[in-house]
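Here is a brief report on the structure shown below. Please keep the model open while reading.

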Amino acid sequence: MKAAPFPRPCPGEERLLHLDARSGRVDHTRLETLPSLLRPGDVLVVNDAATLPASLSGTARGEPIELRLAAAAEGGTWWAVLFGAGDWRLRTEDRPAPPRAQVGEVLRFGPLAARVEATSPLSPRLLLVRFDREGDALWAALYRIGRPVQYSYLGGDLSLEQVQTAFAGRPWAVEMPSAGRALPVSLLLGLARRGVALARLTHAAGLSATGDPALDEALPLPERYAIPAETVRTIGEARGRVVAVGTTVVRALEGNAAAHGRLVPGEGVTGLRLGPGSTLRVVGGLLTGLHEPGSSHHRLLTAFCPLPALEAAWRDAEGRGYLAHEFGDTALILAA
Amino acid sequence: MKLPGAAALVTGASRGLGAALAEELARRGARVVLVARGAAELEEVAGRIRAAGGEGHALADDVGAPGAAARLAGAATALVGDLDLLVHNASSLGPVPLRPLLETSGDDLARVLEVNLLGPFRLTRRLAGSMALRGEGVVVHVTSDAGREAYAGWGAYGVSKAALDHLARIWAAELEGTGVRFLTADPGEMDTRMHAEAMPEADRSSLADPAAVARALADLLEDDGWPSGARRELAAPGVAPARA
């Protein structure tokens, strides 16, 4: 499937593939018809995390590097992945290896600096770093110096604005929770007027690729989330189906329910990985972007729909010119 | 709205009404992010807030710059969480001494519109979706009677404020029923540096104290009886704004 190389101007006109998870039946429509596919009493849950400028270009021992923030850690530190020379225009797997970082060494990003506190046993490129400032000064600097993490299939440089959903709140995601990108607020309000309940959570969507096979195999790393009490209440009172917007919402809801035996409000961390045969306690359907078979994202979809039906639907979509990835078209996997 | 614990962002917060309002909101328990171009002045106001036991964060930026909305919304919500209150107070008079339209360049008008109209538009656009999803939030636009009356010499500023008033009403119309309120506040004539630049000959004893106006605005916010789309005049009692 070809990637959409850039954000398109009218999300409502983007394509929507509706896959009935039970029958395998596929319908082709436009995103603006989403309200007709959901029923009063259904709940649509979105991830409201804003996307950080998580890519920092700089130097280590005089050599050019890129550091991609992966997750906020204890005491103001960050887990981050080190990349060698170059930028997003190169596929992560084609990037030259970065210098091997030593604990105690300092990475420099113009006026901002970060000290390497530890390296991960998963990969010498996964580092725990501490910046040379905190609070107001750190956030001001990150937003001045950082750029959004971008993708080699893109046709141009993205602004920070272009990687935000229309309802972005706290900046917890290091890559855009992209299933929500195609949902304008007007579409959500239209759903609410039809009796579809809207609910939100915040999930710190992590890096999608590092180019390090061992690390890529371990993705997604544990990610933090926050589920408001109101969301737990809305889901508990739902008469219809709970539809997650994006795999991050599935991971937060199912990870929380698996940890506690039921859905409870509050913050947590989940390393949940879903696949064929996984039990879904909360979520009944999924609105998602189209990503390539073989990815961890694609594997999660098999918790909703048997692989053969998914593969057939994806082939059908490809033949019809659907576009893939973060700025591509959308699929709704939902049993009627 | 409840100010204790509320997350607020105030632009133009390094002096005048913006600084007074940031301090007043923090005094009432709000967690305030202050924005203005001048880092040193801004840090001084945020420092006063913290010294008084409040929560104040300084983000130096130019609200008229194209990338500012994404930067400010991100850094502010990282610091204080989802925003409950957004106050568009920053504004530019354009070149001073004030001058007639025939002597105002297109670039000067464009710059005034960037700061007074596009900046607020972009910041609201970035934050109002989150407010609508949460079903609550207040956006205040600080305006002027120069946006209603056609004062000779106040062209660029007056045009920008007229447009800002209308922008607030259209936001209110489009997000009606979501729980998000879009308000417009006319503070009247205050004893500020901006006023001195616009009208250096004014009798300062006739001008309102920005701190008193900030208290009036905070009272109105706490009162909740301010419907979305409505414009209120804040002139402190006993002060009769008279324009020369």
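## The sheet of chain A

In strand 16 of chain A, A:G285 is the bridge partner of A:V243. That pair belongs to a parallel pairing: strand 14 (residues 242-245) of chain A runs with strand 16 (residues 285-289) of chain A over three bridges. This is a predicted model.

Chain B has an open sheet of seven strands, with parallel pairing. The strand order is 3-2-1-4-5-6-7. Strand 3 (55-60) and strand 7 (231-233) of chain B each have a single partner strand, so one side of each is left without a neighbour in the sheet. The twist averages 20 degrees from one strand to the next.

Strand 4 (residues 85-88) of chain B and strand 5 (residues 137-142) of chain B run parallel, joined by four bridges. Within strand 5 of chain B, B:V139 is the bridge partner of B:L86.

## Helix packing within chain B

Two packed helices are described by the angle between their axes and the distance between the axes. Start with helix 3 (residues 68-80) of chain B. The axes of helix 3 of chain B and helix 4 (residues 106-134) of chain B come within 9 Å and cross at roughly 45 degrees. Helix 3 and helix 4 of chain B are therefore oblique to each other. Their crossing is right-handed. Helix 3 of chain B brings B:A68, B:A69, B:A70, B:L72 and B:A73 to the contact. Helix 4 of chain B answers with B:G119, B:R122, B:L123, B:R126 and B:L127. The contact residues divide into seven nonpolar, one polar and two charged.

Helix 4 of chain B also packs on helix 5 (residues 155-174) of chain B: the axes come within 8 Å and cross at roughly 15 degrees. Helix 4 of chain B passes helix 5 of chain B in a right-handed crossing. From helix 4 of chain B, the contact residues include B:L109, B:V112, B:L113, B:L117 and B:F121. From helix 5 of chain B, they include B:Y157, B:L164, B:L167 and B:W171. The residues of this contact divide into 13 nonpolar, three polar and two charged.

## Where the chains meet

How many residues of chain A are in contact with chain B? There are 21, and they touch 19 residues of chain B. On the chain A side, helix 2, helix 3 (185-193) and strand 12 (197-203) each supply at least two residues. Helix 2 of chain A gives the largest share, four residues. The chain A side divides into 13 nonpolar, three polar and five charged residues.

Helix 2 (residues 135-145) of chain A packs on helix 3 of chain B at an angle of about 150 degrees, with the axes 9 Å apart. The two helices, helix 2 of chain A and helix 3 of chain B, are therefore roughly antiparallel to each other. They pass in a right-handed crossing. Helix 2 of chain A contributes A:D136, A:W139, A:A140 and A:Y143. Helix 3 of chain B contributes B:R71, B:G74, B:A75, B:A78 and B:L79. Together these residues divide into six nonpolar, one polar and two charged.

## Confidence

The model scores ipTM 0.96 and pTM 0.96. Chain B averages a pLDDT of 95, and 96% of its residues score at least 70. One stretch needs care: over residues 238-244 of chain B the pLDDT is below 50. Beyond near neighbours in sequence, this stretch of chain B has ten contacts in the model. Where pLDDT is low, the predicted coordinates should not be read in detail.

Conventions
Residues are numbered from 1 along each chain as its sequence is written. Chains are lettered from A and ligands numbered from 1 in the order in which they are written. This is a predicted model: local features need pLDDT of at least 70, side-chain atom pairs count only at pLDDT 80 or more; totals for chains, interfaces and linings use all residues. pLDDT is the predictor's confidence in each residue, from 0 to 100. Two residues are in contact if their C-beta atoms, placed from the backbone, lie within 7 Å. Two strands pair if DSSP finds at least two bridges between them. Axes are lines fitted to C-alpha atoms, for helices over the stretch in contact, and angles run from 0 to 180 degrees between N-to-C directions. Angles under 35 degrees count as roughly parallel, over 145 as roughly antiparallel, 65 to 115 as roughly perpendicular and the rest as oblique. A crossing is left-handed if the near helix is turned anticlockwise from the far one by less than a right angle, and right-handed if clockwise. Ala, Val, Leu, Ile, Met, Phe, Trp, Tyr, Cys and Pro count as nonpolar, Asp, Glu, Lys and Arg as charged, and the others, Gly among them, as polar.
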